[in-house]
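These notes are for a colleague who is meeting this structure for the first time. Please read the numbered points with the sequence and the model side by side.

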Amino acid sequence: MHDVVVIGSGFGGAVAACRLSSAGQQVTLLERGRRWQPQDYPRDVTDAWIYDVDEPETQNGWMDLRIFDEMWVAQGAGVGGGSLIYANVSINAPRETFQSGWPKEITYDKLLPYYERVEHMLKPQYLPDNQLTPRFKLMRDAARATRAEDRFRKVPLAVSFNPDSAFPDQQPLPQERRITFQNSFNRDQGYCIHCGNCDIGCQEQAKNTLDLNYLAVAEDHGTTIKPLSVVSHISPIDDYYRVHYDAIVEGRRECKSIDGRKVVLAAGSLGSTEILFRSKIQHRTLPNLSPYLGKGWSSNGDFLTLARYEDRDLFPTRGPTISSAIDYLDGSDGGVRYFVEDGGFPAVLSNVVEARRGANRRLSLQTWVLGFLAKRIRTAAGVDRTMPWFGQAVDASNGRLYFGRDLIRLWKKRLKLDWNPRRSEAAINGLIGRHKILTAATGGKANVPITWRTFRNLITPHPLGGCGMGSSPSVGVVDSKGEVYGYPGLFVVDGAIVPRAIGLNPSKTIAALSELISEGMLDE
């Protein structure tokens, strides 16, 4: 019997495992993906890029790209969860975020000390002035040209920068390494060389991913991490819970279970919601879950607009993926709220996807989508003169996840999404409109993707909601302590509990909530 079983190793699960094991609890953490090492990061055609939730025994690669009717959701898969693929931004949500839609116990002031704990662990830095990227300078020029200098700022990044480095004149080569150091958690790291690979694995380990801090501390205090463990459902048994999962062993599934006095669900917005749906509907082990399960889902208003510049080199494949922002979260643009950021992408990704397509390999829908996006990036202007204007907006948070039949395999049920873009159009279009204004002010030409213009489809790496915090079971799945209504000892600590869009990068808020909830678990 374990004290705690944690499911998932992202910004919720890593924090919980760290804090609970540091307090002397016996913790086992189940992670659906593999444990990645820098030498294993996907780079080549034959490497493991795709995680397939239907066939994890054969495809358990870097990214889970889930495709719904009007929404595509990108998620990391591996020890470290979303920290493997996120763009390093570690930023507080604004105070106004918590003024509505949250339980009254959750306020900015309440979360502030927990934000500070996250900072201590992730050690965010700002891009040094001697390493400013051309994209950063374009953002700064755009803010000045549109009289928004007071809204422009660097964003804190969970990245280690060498103050003596400089922005490279050409794409850094793999052999251009490496000054190393041991971080405060006794793990080896390196400094950023501006290779642009933030989203596909930083080979320098300059990115402060969770395996180098929170999970490192958790393991040092006895947490057992079991990669390639795919959880199906949870059963209450007397005064403890049994977690049922498939262990992936040599390309096959082995049914297993593990018991814990407490269970912490941290499998992400989609993963945690799906596990609870399977427990409620398919296995009927948690029949009394709140009817609010699946409601209040948000894409966090993520949007990317590519812009073309004829005479300005921007090198979006070099430097940190994001480094700066222009903040309109105050609603001063007609009441819509959004956060504009510069974007970037790995040079290797589009080449690999196209090579995979050209090599006549099995073309999954996920690979087709990646190829489509890579082609748009490549043809927008020539990569070096492309500006990926990125950002988030406070959308309507009105999506609904549910458990329904597969359209092809009718005997199979899966997680599905009902998302109507109508109520979110104003926020998304406000962000797009600002992209256009900033582009025009700096001499570029914006190209809004046809996926939005015609089909109202979005892609998000920041899914939120599905197990939202609420003041009662009628408006939430968990209470302000993260505990599932009706099931004492069962907690959710990831992006699934965020009850509304934040409008900027949510990882630090998720981690702060997990810090708060973990402390409460220890006080019981």
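1. In this predicted model, the largest nonpolar core holds 132 residues, and within that core Ile 234, Leu 276 and Trp 389 are the members that touch the most others.

2. For the chain as a whole, 60% of the 524 residues are buried, and the secondary structure consists of 10 helices and 21 strands.

3. How does the radius of gyration of the protein chain agree with that of a compact globule? For 524 residues a compact globule would have a value near 24 Å, and the chain, with 22 Å, agrees with this. The C-alpha trace spans about 70 × 50 × 50 Å along its principal axes.

4. Two packed helices are described by the angle between their axes and the distance between the axes. Here helix α1 (residues 13–22) and helix α10 (residues 507–523) have axes that come within 9 Å and cross at roughly 30°, and the crossing of α1 past α10 is right-handed. On the α1 side the contact is made by Val 15, Ala 16, Arg 19 and Leu 20, while α10 contributes Ala 511, Ser 514, Glu 515, Ser 518, Met 521 and Leu 522. By type, the residues of this contact divide into 6 nonpolar, 2 polar and 2 charged.

5. Backbone angles deserve a check as well, because most residues other than glycine have a negative phi. Lys 123, which is not a glycine, has a positive phi of about 50°, and this residue is found in the loop between α2 (108–122) and α3 (134–145). Asn 300 likewise has a positive phi, near 60°, and lies in the loop between β12 (295–297) and β13 (305–308).

Notes
Residues numbered from 1 in each chain as written. Predicted model: local features only at pLDDT ≥ 70, side-chain atom pairs only at ≥ 80, totals over all residues. Heavy atoms only, no water. Axes fitted to C-alpha atoms, helices over the stretch in contact; angles between N-to-C directions. Helix = DSSP H or I, 4+ residues; strand = E, 2+ residues; numbered from the N terminus. Left-handed = near helix turned anticlockwise from the far one by under 90°. Contact = heavy atoms within 4.5 Å. Nonpolar A, V, L, I, M, F, W, Y, C, P; charged D, E, K, R; others polar. Core = buried A, V, L, I, M, F, W, Y, C linked by side-chain atoms within 4.5 Å. Buried < 20%, exposed > 50% of the residue type's maximum accessible area, 1.4 Å probe, protein only. Rg over C-alpha atoms; globule rule 2.2 N^0.38 Å.
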